[in-house]
Amino acid sequence: MRKQIIIGSIVGVLVLGGAWAYVQHTHTSTPTKTTVTAKKVTKPKATKVKPLTVAELKRKPALEYSSIIYYAIYHSKIQRWQELSDFKRGWQVEIYGHGPKAKHLVWPDKNSTAADKNLAPNWFRISTDDKIFYDSLIVHSFKPDMTATTTLSKIVTQLNHDHAVKKVRAMPDNMVIIHHAHQ
């Protein structure tokens, strides 16, 4: 029993001594100062997309064709141009002829093959004064083709207004252009 009292006393002294040391440590030590610096959250700057111009389109035929096709899909009254609205499939532009009489046939897939080309495609012409003539066959009809006319200047103005420039500038990457010999 005496052993138990001695052991209990030793344990008590150790516990009390440890508690006293802890209290002394927490009261006498200087608290460390924690500095939290708030970082200013900045939004990534939106890269300004350079607006389209007629001069630029005249220098870059693929961009010109992209603009003409985009305009036809979203602003033409000719419904068949909607067939070209799958931006993932891309476009194949076949050019027959040269100059203002050249026909630009537009197929709704950059990988179109002869087997895919059973139905007459939509097509357009570009005149020397930058008028764009759209043409589309009316399927299952003996009526004349549907046509529309606009200008390259109107197309540029509309696409810039629509904020479609970034999308139009990406279109040539998904387009195949085939030039056929004069016919």
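Which residues form one aromatic cluster? Select Y70, Y74, F87 and W91: these four form it.

Before going on, note that this is a predicted model, in which local features need pLDDT of at least 70, side-chain atom pairs count only at pLDDT 80 or more, and totals for chains, interfaces and linings use all residues. Residues are numbered from 1 along each chain as its sequence is written, and side-chain values use heavy atoms, with hydrogens and water left out.

**The whole chain**

Colour the protein chain by secondary structure. There are 5 helices and 6 strands, where helices (H or I, at least four residues) and strands (E, at least two) are DSSP runs numbered from the N terminus. Along the sequence the pattern is α-α-α-β-β-β-β-β-α-α-β. Of the 183 residues in the protein chain, 30% are buried. Here buried means under 20% relative accessible area, exposed over 50%, and partly exposed in between, with a 1.4 Å probe and protein chains only. A contact means heavy atoms within 4.5 Å. Among contacts between residues at least 6 apart in sequence, 53% join residues at least 24 apart.

**Helix α3**

Select α3, residues 61-75. Among the buried ones are L63, I68, I69 and Y70.

**The nonpolar core**

Next, select I69, W91, F124 and Y134. In the largest nonpolar core, which has 32 residues, these four touch the most other members. Such a core is a set of buried Ala, Val, Leu, Ile, Met, Phe, Trp, Tyr and Cys residues joined through side-chain atoms within 4.5 Å. At least two residues of this core come from each of α3, β1, β3, β4, α4 and α5. The largest share, 8 residues, is supplied by α3. Centre the view on I69 to see some of this: leaving out residues up to four places away in sequence, I69 touches L84, W91, V93, V106, F124, M171 and M175. In soluble globular proteins, nonpolar side chains tend to be buried together.

**Aromatic pairs**

Rings of Phe, Tyr and Trp (its six-membered ring) pair if their centres lie within 6.5 Å; planes under 30 degrees apart count as stacked, over 60 as edge-to-face and the rest as tilted. By this rule there are 7 aromatic pairs. Select W81 and Y134: with ring centres 5.3 Å apart and planes at 80°, the pair is edge-to-face. W81 lies in the loop between α3 and β1 (91-96), while Y134 is in strand β4 (residues 131-136), 53 residues apart. W81 is buried at 0% relative accessibility, and Y134 is buried at 3%.

F87 is buried with a relative accessible area of 18%, and W91 is buried with 0%.

**Charges over rings**

The charged end of K167 sits over the ring of F87, 4.3 Å from its centre. For this, NZ of Lys or CZ of Arg must be within 6 Å of the ring centre and within 35 degrees of the ring normal. K103 and W123 make another case, with the charged end of K103 4.2 Å from the ring centre of W123.

**Loops**

Select S76, in the loop between α3 and β1. S76 is buried, with a relative accessible area of 15%. Its side chain reaches the backbone nitrogen of I78 at 2.9 Å. Not counting residues up to four places away in sequence, S76 touches Y71 and W81.

Move to P121, in the loop between β2 (103-107) and β3. P121 and L105 are 16 residues apart in sequence and 6.1 Å apart in space, C-alpha to C-alpha.

Finish at H163, in the loop between α4 (152-161) and α5 (165-170). Is H163 buried or exposed? At 74% relative accessibility, H163 counts as exposed. H163 is not a glycine, yet has a positive phi of about 60°.

Note on methods. A polar contact is a pair of N or O atoms within 3.5 Å; within protein, one must be able to donate a hydrogen and the other to accept it, and residues adjacent in sequence count only if both atoms are side-chain atoms.
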